[in-house]
Amino acid sequence: MKLLKPLLIALGVAALAFAAWRLKGLTERPPEVAVVAVEPQDVRRALALTGRIRPEQSNALVPAVRARLVELLRDEGEEVKTGDVLARLDARQVKADLAQAGAALRRDRDELAQLRRDLERTRSLTDQTLLPQRDLEAAQLDVVRSERRVDEGLELLAELEARLDDYVLRSPLDGFVVERPVDPGQVVGPEDVIFELATADDPEVEVEVDERYLGELALGQEALVAPLGGTAEPWPAQVAYIGRRIDRLSGAVIVRLTFAGDAPSLPVGLTLDVNLAIAEHPGSLTVPRSAVGGLGGETWVLAVVDGRTERRDIEVIDWPAPRLVVLGGLADGDLVALDPRSTVAGQEVRVELEDGGAEDGGADDPAPGP
């Protein structure tokens, strides 16, 4: 019994020593790091945007004068032709002024005709020396003054007739009524829109693109357009206009697209999904965005070489997408840490190879718009 107790103690100490050795071995093993292999891919960079249908031409029809609206001859959605009368304003006062001016003009013309007859008689009598020369001169002056009054009356009549046209609103284009925000009986003026008109043919899609991508936009770039959240086959389109003014609040520029081929019949203002292709990079190396450090400045990754990490400066196209195109600093087959912040450079590691493809979002995923 005296020998057994020391033996048991020795065995216990040995077991503890073995467990401590095993624990030390486990704790001293290199950490496991998830890595992904750098591989070439065909990359298509695109912007995912939201756009709206706008007409090729639009017009806000407003009156030139302030008056009561007495008649509206079209409603929203109805077709219009150039020159069609769309609305009438209360023109009773102008018509009264026009009638008064017409009556005055007729009196002035009658008076002028009489003065011209009087002038001829006076000239005849003067030629016969029956009247002095001053009577002839006075008669001639009366005719000149009367002619001036008739000319002024004609000018006033033309002005009032032109003013009368201001009380009739006509369509300046072939198209349809988009909006009619007023009703008969209202007093309207030049600040009030009576009709919003738009052309029916060749609609455009208007989108806002962040100024960061302005340098990569070009006329003719291809896009796919589809109703928002719809399942319909998208329509091909291309960039037809790039704005030259950047909105100070949103930092965006207006871009307009035209449909390729026959344009679909879509209502003005309809919201659309727009996938605008910016660039193609066939056979380019890519890395997951999560693997890149220093975005917005000097970019780098943690490459794993012979079981040890090393910091490597790289050049990428910083694009808001799951994968970034590598322009320099990496080669096909290089392993990089998926999370460069999970370890440090120069550390011995064990690698766990991850699938860097679909799990991280394909390299051709469109970037979100502004």
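This is a predicted model: local features need pLDDT of at least 70, side-chain atom pairs count only at pLDDT 80 or more; totals for chains, interfaces and linings use all residues.
In what sense do β13 and β14 pair, and over how many bridges? The legends below take up this pair and other parts of the model in turn.

View 1. Residues are numbered from 1 along each chain as its sequence is written, and side-chain values use heavy atoms, with hydrogens and water left out. β13 and β14 pair in the antiparallel sense, over 6 bridges; strands here are DSSP runs of E with at least two residues, helices are runs of H or I with at least four, and both are numbered from the N terminus. Two strands count as paired if DSSP finds at least two bridges between them. Within this pair, Leu257 in β14 is the bridge partner of Val239. The two strands form a hairpin with 5 residues between them, and Gly251 in the turn has a positive phi of about 65°.

View 2. Val255 lies in strand β14 and, because its relative accessibility is 0%, counts as buried (under 20% relative accessible area, with exposed meaning over 50% and partly exposed in between, for a 1.4 Å probe and protein chains only). Although Val255 and Tyr241 are 14 residues apart along the chain, their C-alpha atoms are separated by 5.6 Å. β14 also pairs with β11 in the antiparallel sense, over 7 bridges, and here Glu208 stands opposite Ile254 in β14.

**View 3. The largest nonpolar core.** A nonpolar core is a set of buried Ala, Val, Leu, Ile, Met, Phe, Trp, Tyr and Cys residues joined through side-chain atoms within 4.5 Å. The largest one has 42 residues, and those with the most contacts inside it are Val205, Val209 and Leu257. Among the elements that give two or more residues to this core are β11 (204–210), β13 (235–246) and β14 (252–259), while the largest share, 7 residues, comes from β15. A second, separate core of 20 residues includes Leu69, Ala87, Tyr167 and Leu197.

**View 4. An open sheet of 4 strands.** The strands of this sheet follow the order β3-β10-β8-β5, with antiparallel pairing. β3 (58–61) and β5 (79–80) stand at the edges with a single partner strand each, so one side of each is left without a neighbour in the sheet. β3 pairs with β10 over 4 bridges, and 3 bridges join β8 (residues 175–179) to β10 (residues 195–198). Leu197 in β10 has Asn59 opposite it, and Val177 also stands opposite Leu197, whereas Glu196 in β10 is the bridge partner of Glu179.

**View 5. Helices α2 and α3.** The axes of α2 (residues 92–127) and α3 (residues 133–165) come within 8 Å and cross at roughly 160°; these axes are lines fitted to C-alpha atoms over the stretch in contact, and angles run from 0 to 180 degrees between N-to-C directions. The two helices are therefore roughly antiparallel to each other, a term for angles over 145 degrees. By class, their contact has 16 nonpolar, 7 polar and 13 charged residues, where Ala, Val, Leu, Ile, Met, Phe, Trp, Tyr, Cys and Pro count as nonpolar, Asp, Glu, Lys and Arg as charged, and the others, Gly among them, as polar.

Key:
Angles under 35 degrees count as roughly parallel, over 145 as roughly antiparallel, 65 to 115 as roughly perpendicular and the rest as oblique.
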